[in-house]
Amino acid sequence: MEGVLVRKIKKICVFCGANSGKDVAFVNAAFHLGEVLGKRKIDLVYGGGKLGLMGCVSTAVAQHERQVLGIIPSAFTINNLVGETCGKEIKVATMQERLVMMMELSDGFIALPGGFGTLEELFQMISWAQLNIHNKPIGVLNINGFFNGLLSFVDHAVKQEFITPRARKILISATTADELVDKLQAFRFESDPALSKLKWSPSSSQKEKLDLTLRL
């Protein structure tokens, strides 16, 4: 990292599956990511509960005595659907409110293997970065090539001129947790000149806070 300005990251939001997946490497990688965050004194923001990879990464971070914050829709807490959150828990009314709060409370984002929910969260954050709603780094931990197809598709969309080369840089990838965190810390946001003029808050006096009524 010599000669590279390092972004200060205190809290990382992790998106990942509520299932453990077929390959035990996914579970091992989730635990290891939690260990890396803990050793680097980085706190965790996640979707709450203790199921699947979400439970693995949150448990590992807590074991290293870092703060864990689960942001969870109230509907998921009925009948203890997702299990007890490892750390502090904030209940919200909707999935959209959850994602907005995750964005506001985190300094960066990491996606581990997961399903539709994980992909939705990942691409929502990428879209919001492209629209200049935030300028925080976003990366995928590509365990055993899990995200190879997704990354190839994104590159295909660039070739077909649906995603600009500038926007492509928003999505970072790495195969190890340490490498990915290093890349997030070194990330320098490059906004589109046209989209950088967009203002999403009702007034500049509110420090460009995202209007919670925004729906994309």
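Buried means under 20% relative accessible area, exposed over 50%, and partly exposed in between, with a 1.4 Å probe and protein chains only. I note this before anything else, as several entries rest on it.

**Entry 1: ground rules**

I am working with a predicted model, in which local features need pLDDT of at least 70, side-chain atom pairs count only at pLDDT 80 or more, and totals for chains, interfaces and linings use all residues. Residues are numbered from 1 along each chain as its sequence is written, and side-chain values use heavy atoms, with hydrogens and water left out. Helices (H or I, at least four residues) and strands (E, at least two) are DSSP runs, numbered from the N terminus.

**Entry 2: strand β6**

I looked up which way the residues of β6 point. Ile138 and Val140 point one way from β6, while Gly139 and Leu141 point the other way. All of them are buried.

Next I looked up the neighbours of β6; two strands pair if DSSP finds at least two bridges between them. Strand β5 (residues 108-111) pairs with β6 in the parallel sense, over three bridges. Within that pairing, Gly139 in β6 is the bridge partner of Ile110. From β5 the chain crosses through α5 to β6, and this β-α-β crossover is right-handed. Right-handed here means that, with the strands pointing away from the viewer, the path from the first strand over the helix to the second runs clockwise. Strand β7 (residues 171-174) runs parallel to β6 and is joined to β6 by four bridges. Leu171 in β7 is the bridge partner of Ile138.

**Entry 3: strand β3**

How many residues of β3 are buried? I find that six of its six residues, 68-73, are buried. Val68, Gly70 and Ile72 point one way from β3, and Leu69, Ile71 and Pro73 point the other way.

I then listed the partners of β3. Strand β2 (residues 43-46) pairs with β3 in the parallel sense over three bridges, and Val45 stands opposite Leu69. Strand β4 (residues 88-92) runs parallel to β3, with five bridges between them. Leu69 has Lys88 as its bridge partner in β4. I also record that β2, helix α2 (residues 52-63) and β3 make a right-handed β-α-β unit.

**Entry 4: Asp43**

I looked up Asp43, which is in strand β2. Is Asp43 buried or exposed? Asp43 counts as buried because its relative accessible area is 10%. Contact means heavy atoms within 4.5 Å. Leaving out residues up to four places away in sequence, Asp43 touches Lys10, Lys11, Ile12, Arg66 and Gln67. Asp43 and Ile12 are 31 residues apart in sequence, yet 6.4 Å apart in space, C-alpha to C-alpha.

**Entry 5: pockets**

I noted the method before the values. On a 1 Å grid over the protein atoms alone, a pocket is an open set of points where a 1.4 Å probe fits, with protein on both sides within 12 Å along at least five of seven lines, and lining residues have an atom within 4 Å of a point. Grid points are joined across faces, edges and corners, and a volume is the space filled by probe spheres set on the points.

The largest pocket has a volume of about 440 Å³. Of its 31 lining residues, Cys16, Gly17, Ala18, Met54 and Thr118 are the closest to the centre. Elements that give two or more residues to this lining are β1 (11-15), α2, α4 (95-105) and α5 (116-130). Which element gives the most to the lining of the largest pocket? I find that it is α5, with four residues.

The second largest pocket has a volume of about 170 Å³. Its lining includes Phe123, Phe153 and Leu171. At least two lining residues each come from α5, α6 (148-159) and α7 (165-168). Here too α5 gives the most, with four residues.

**Entry 6: two asparagines**

Most residues other than glycine have a negative phi. I looked up Asn132, whose phi is near 70 degrees, a positive value. Asn132 lies in the loop between α5 and β6 (138-141) and is partly exposed, with a relative accessible area of 25%. Asn144 has a positive phi of about 50 degrees. Asn144 is in the loop between β6 and α6, and counts as exposed because its relative accessible area is 59%.
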